[in-house]
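Good morning, everyone. Please bring up the model on your screens, and I'll walk you through it.

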Amino acid sequence: MPDAVVIGAGPNGLVAANLLADAGWSVQVLEAQNEPGGALRSDRGVHPDYVSDVFSAFYPLAAASPVIAALDLEKEGLRWCQAPRVLAHPLLDGRCAVIDHDRHATAAALDAFAPGDGAVWERLCGVWDRLGGSLLGAVFTPFPPVLAGARLAGRLRGGGALRLARTMMLPVRRLGEEEFSGEGGRLLLAGNALHADLAPEAAGSGGFGWMMSMLAQTYGFPVPAGGSGELTGALVRRLERRGGSVRCGERVTDVVVRGGRAVGVRTASGEGIAARKAVLADVTAPDLYTRLVDAKHLPDRVFEDLRRFHWDFATFKVDWALDGPIPWTANEARTAGTVHLADGVDRLTRFAAQISMGRVPDEPFVLLGQMTTADAGRSPAGTESAWAYTHLPQRIKADAGPDRISGIWDEREQEAMADRVEAQVERYAPGFRGHIVARRILAPPTLEAMDANLRGGAINSGTTNLHQQLVFRPTPGTGRPETPVPNLYLASASAHPGGGVHGAPGANAARAALRAHRVGRAFSATQRVLTRRGRGGEALPRGG
């Protein structure tokens, strides 16, 4: 019998399992798919000569995460690579906003949009230099972040805390307009905010866009050499060296609850696996509470809150094997690992508004990865392994474009949407389509079939908007990984602090389980001492 069963071998589940194993617990991880990784997998499914990242690809949050750093995965063979430039946002008129590894080069590029904007960028970088570490500490630790919050407060003077809070709450359109005179800096902030489901006018999108931009400037957008699956491989190897195990093709159907506590799980094959100390679930909150745990073990408020659970945008992704580099009109984009495609902040607003209205955008905001540019081993010399994704409504009501895409995602609709994405790339890189050797389409239902946590193509296990963050994630409560069932912990991106490959939800769940076990042991030991004293005739203290 293992001490802990972890449901799901995604990055959070594997991080949780590693931390428990580090504490001396025996751990068994059960994964429904035939390979571990969740949304952290790579393959040669587009073309045998090309390595493609199936889901996520760039990992600034992993580079910044103290959780990932503490695992020392380089000892397991993990190696990171970077593109010559971090990010580019070209415009149709040939101008291009760039995040370079050298912040002075980033600033110089922004000065080309408006003199003085480079100095603004360097000032924002200075704020990050002073506060970024404490801010990340507050984000990555369980809520409330007492120690990290105290460190952050100590670095702020006078009204600094209020001013920082205002900045973090601002919509990214407003933040960009307050800080930058030209369009370049505004595009960098707003494009990074839309890595999540944060429209330019959404409260908090400014803070998120600034944080992602500063991560890009500080850490770059690194990629694992050989594909994202190498990060998964390192996590699995580390776990196995500490005695843990990962069983794939084992779909968990039930969390077993006895005496009001989680005591194990049951799989689709009917096998029951007991857990001596804890069950940790790297699954979405709705999946945990409506599928895995019997309703009789949960308070009614859970289901009332889940009725209001807000999923993030759906995702549509295309992978390509290209016979040459993408022929960008803006030369700066040719050496960037990540490229954002939208002709201005107004176009980003229009894109997000169409999604909010349930309409498939006619001019998608495209996030594109040039993986061979970032890691030369991904494809043969002179070629490019590339991908792009865009966001869609979770429930499609209409198509803003001409293709009558309805969300049934048959072959015609998938091909039409992929063509729409390619047409957007073609606008910024004429001749792009002529380089396509092969492509793979991953529509929302395909993504979900390959990873159940990507519900409807949602990549963050719930919206990043403020109404479902901190103490509101996944539902109003404490913002912690404990669930209403003792010994059961939510370890997925549905828990605080949310999506991204940083391992914090898994680490928080593991630490909560370890803490609860220590407290339980201490209480039991005290009870045994008191019982022995009573049996031995020693007088026990009397109340009042």
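Predicted model: local features only at pLDDT ≥ 70, side-chain atom pairs only at ≥ 80, totals over all residues.

Start with the hairpin of strand 10 and strand 11. Two residues sit between these strands.

Strand 10 covers residues 252-258, and strand 11 covers residues 261-267. The two run antiparallel, joined by six bridges. Take Asp254 as an example: its bridge partner in strand 11 is Arg266.

Strand 11 has a second hairpin, this time with strand 12. Here four residues lie between the strands. In the turn you find Gly270, with a positive phi of about 95°. Strand 12 spans residues 272-274, and it pairs with strand 11 over three bridges, again in the antiparallel sense. Find Val265, and opposite it in strand 12 you will see Ile273.

Strands of a sheet pair through backbone hydrogen bonds, and the pairing is either parallel or antiparallel. In a regular strand, side chains alternate between the two faces of the sheet.

Which order do the strands take in the open sheet of five? The order is 9-2-1-13-21, and the pairing is parallel. Strand 9 (245-248) and strand 21 (488-490) stand at the edges. Each has a single partner strand, so one side of each is left without a neighbour in the sheet. From one strand to the next, the twist averages 20°.

Zoom in on strand 2, residues 27-31, beside strand 9. Four bridges pair them in the parallel sense. Glu31 stands opposite Cys248 in strand 9. Helix 1, residues 11-22, packs on this sheet. Helix 1 touches strand 1 (4-7), strand 2, strand 9 and strand 13 (278-281). The direction of helix 1 makes about 170° with that of strand 2.

Leu368 stands opposite Ala388 in strand 18.

Next, helices. At what angle do the axes of helix 5 and helix 10 cross? Helix 5 is residues 117-140, helix 10 is residues 205-219, and their axes cross at roughly 95°. Angles of 65 to 115 degrees count as roughly perpendicular, and helix 5 and helix 10 are therefore roughly perpendicular to each other. Their axes come within 10 Å.

Which residues meet there? From helix 5, they include Trp121, Leu124 and Trp128. From helix 10, they include Trp210, Met214 and Leu215. By class, the contact has twelve nonpolar, three polar and no charged residues.

Some of these names come back in the largest nonpolar core, which has 53 residues. Phe58, Trp121, Trp128, Trp210 and Leu215 touch the most other members. Helix 5 gives the largest share of this core, eight residues. Apart from it lies another core, of 38 residues, among them Ala17, Val67, Tyr489 and Leu514.

Back to Phe58 for a moment. Leaving out residues up to four places away in sequence, its contacts include Phe221, Pro222, Met371 and Trp387.

Two last residues. Is Phe140 buried or exposed? Phe140 is buried, with a relative accessible area of 3%. You will find Phe140 in helix 5. Phe140 and His502 are 362 residues apart in sequence, yet 8.2 Å apart in space, C-alpha to C-alpha. Phe140 touches His502, and its other contacts include Leu61, Pro497 and Asn508.

Then Gly377. Its place is in the loop between helix 15 (371-374) and strand 18. Exposed means over 50% relative accessible area. Gly377 has 59%, so Gly377 is exposed. Its C-alpha atom is separated by 35 Å from that of Leu124, which is 253 residues apart from Gly377 along the chain.

That's my tour. Thank you.

Methods. Residues numbered from 1 in each chain as written. Heavy atoms only, no water. Axes fitted to C-alpha atoms, helices over the stretch in contact; angles between N-to-C directions. Parallel < 35°, antiparallel > 145°, perpendicular 65-115°, else oblique. Contact = heavy atoms within 4.5 Å. Nonpolar A, V, L, I, M, F, W, Y, C, P; charged D, E, K, R; others polar. Pairing = 2+ DSSP bridges. Core = buried A, V, L, I, M, F, W, Y, C linked by side-chain atoms within 4.5 Å. Buried < 20%, exposed > 50% of the residue type's maximum accessible area, 1.4 Å probe, protein only.
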